[in-house]
Amino acid sequence: MTKPNMVITAAIGKTGFQVALLLLEAGFRVRAFVQRAEHLSPSLIRDRPQTSIVNARGKFLACLLLPLTMFLACTPQDKQSQQVSRPVKVVRIGDAAAADVMSFAGEVRARNETTLAFRVSGKMIDRPVEVGDRVHKGQRVARLDSTDYQLGTAALNAQLKAAQAERDFAQDDLTRYRELLNQRVISPAEFDRHDTAYTTARERVVTLDAQLSQATNQLQYTDLLADRDGVVTAVEVETGQVVAAGQPIVKLARLDEKEIHIDIPEQRVAGIDLHQTVSVTLWTDGNRRITARIREIAAAADPASRTWRVKATLLGGQDEARLGKTATVWIPVTTSPRLAVPLSAVFTPQNETGRPRVWLVDERAGTVRSVPVQLGEALDEEHIVVAGVVSGQLVVSAGVQRLAEGQAVRLPEKVAASIQGYVAESKEYQP
């Protein structure tokens, strides 16, 4: 006797087995059996009222249906679902994340960019250059109205000539009074007074000469000249505007050395070294790689963006890398070995929120089992660093929400063929 039959017999007696067989048929057969059961036990029915008989029938049927319901509920549906082989995509875990490459977008700029300004104030009357113009050293890029400076220079020049005449007269007068002192005609005090007058006239000439030189320089400062060869990258003022001394007028960039300016987030700064060799690609020509070297790493973060400014000097491609072009800096980063899986391989069970897992494939049995993992930082190409798995294991990368514990899976043909070859090879070398 099978296990379900034994359960029925224990619940309703010796007639339970026959009743269970009748329950598998139509409803009127069950009713006929109940009447037959009453005929077999007239003493149980004769001494009871009709209501009591009806209650007995209901309890009797309930006792029959309960074990049958338990029997049907315990059918191995889960096992049937696990026996269905589902096709899945898999990926083998490797140490590809050990050698990482970071990429950051930046802009081509000149290493040496100077802001030219007048050293004197005045009204700008001429600006012969525009943005993008190439200029040479000593070329005039702007001019101020120099009328006031010319008048000041002329006035100082006249004062200097008058002071020189007074100095010459005082010098001749001092010579005559020295002869009188030698003849004892005048007192030493009188000679000292004339000597002091000569010294004052002489020093006045020196003072006015210095003032005239300063005025001459200020007159020359009304012409703004380029201090190096380069290209005009910005113009700050227009003709006719009154400017102050030191106010930016023109930005001039040198073309002999260019670099890329990039901004690095806080978690990536530690992976960059000074004087490290990197690669640069221009947006207009992404296939060509230009070698560059990290020249400068900012000592502090920008207060607004909370990023570190890093400058990479180009070692080639000066002509192609025009100022203002968009470039990508590729920085190799050597880190400790890390394991990464596709983001599609990670799932979270509904009853375990916040505990991510992945499906590992048993290559010999062809089934899957889930293991918990700890997630790390996100990588390129939609991968994420995980902990809790071993390099070389096979994980399901697609269809993770449709799998169950111990379910059979069907691997891609190439993966299955490689697994079969590995198993056959391992059996061949077994003693």
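Let's start with a pair of side chains. H261 and R309 are joined by a polar contact of 3.5 Å between their side chains. A polar contact here is a pair of N or O atoms within 3.5 Å; within protein, one must be able to donate a hydrogen and the other to accept it, and residues adjacent in sequence count only if both atoms are side-chain atoms.

A word on the source. This is a predicted model, where local features need pLDDT of at least 70, side-chain atom pairs count only at pLDDT 80 or more, and totals for chains, interfaces and linings use all residues. Residues are numbered from 1 along each chain as its sequence is written, and side-chain values use heavy atoms, with hydrogens and water left out.

Back to H261. Where is H261 placed? In strand β12, residues 258-264. Helices (H or I, at least four residues) and strands (E, at least two) are DSSP runs, numbered from the N terminus. H261 counts as buried because its relative accessibility is 11%. Buried means under 20% relative accessible area, exposed means over 50%, and partly exposed is in between, with a 1.4 Å probe and protein chains only. Leaving aside residues up to four places away in sequence, H261 touches G106, E107, R109, R309, V310 and K311. Contact means heavy atoms within 4.5 Å.

Now the whole chain. The protein chain has nine helices and 23 strands. It has 431 residues, and 32% of them count as buried. Take the contacts in the protein chain with a separation of 6 or more: residues 24 or more positions apart account for 70% of them.

Next, a helix pair. Two packed helices are described by the angle between their axes and the distance between the axes. Helix α7 covers residues 147-182, and helix α8 covers residues 188-220. They pack at an angle of about 160°, with their axes 8 Å apart. Axes are lines fitted to C-alpha atoms, for helices over the stretch in contact, and angles run from 0 to 180 degrees between N-to-C directions. So α7 and α8 are roughly antiparallel to each other. The cut-offs: angles under 35 degrees count as roughly parallel, over 145 as roughly antiparallel, 65 to 115 as roughly perpendicular, and the rest as oblique. What residues make up the contact of α7 with α8? There are 18 nonpolar, 10 polar and nine charged. For those classes, Ala, Val, Leu, Ile, Met, Phe, Trp, Tyr, Cys and Pro count as nonpolar, Asp, Glu, Lys and Arg as charged, and the others, Gly among them, as polar.

On to some strand residues. V278 lies in strand β13, residues 277-282. V278 is buried, at 2% relative accessible area. Its contacts, not counting residues up to four places away in sequence, include I290, T291, A312 and W330. V278 and A312 are 34 residues apart in sequence, and 8.0 Å apart in space, C-alpha to C-alpha.

R357 is in strand β18, residues 357-362. Is R357 buried or exposed? Buried, with a relative accessible area of 13%. The side chain of R357 makes a polar contact of 3.1 Å with the side chain of S370. Beyond four places in sequence, R357 also touches A345, F347, P349 and E352, among others. R357 and V400 are 43 residues apart in sequence and 9.8 Å apart in space, C-alpha to C-alpha.

V409 sits in strand β23, residues 409-410. V409 is buried, at 9% relative accessible area. Among the residues V409 touches, not counting those up to four places away in sequence, are S85, R86, V361 and L403.

A110 is found in strand β3, residues 99-110. A110 is buried too, with a relative accessible area of 6%. A110 and T233 are 123 residues apart in sequence and 9.9 Å apart in space, C-alpha to C-alpha.

Last, two loop residues. Most residues other than glycine have a negative phi. H275 is not a glycine, yet has a positive phi of about 65°. H275 lies in the loop between β12 and β13. H275 is exposed, with a relative accessible area of 54%. And R306? Which loop holds R306? The one between β14 (285-297) and β15 (308-314). Phi of R306 is near 60°, a positive value in a residue other than glycine.
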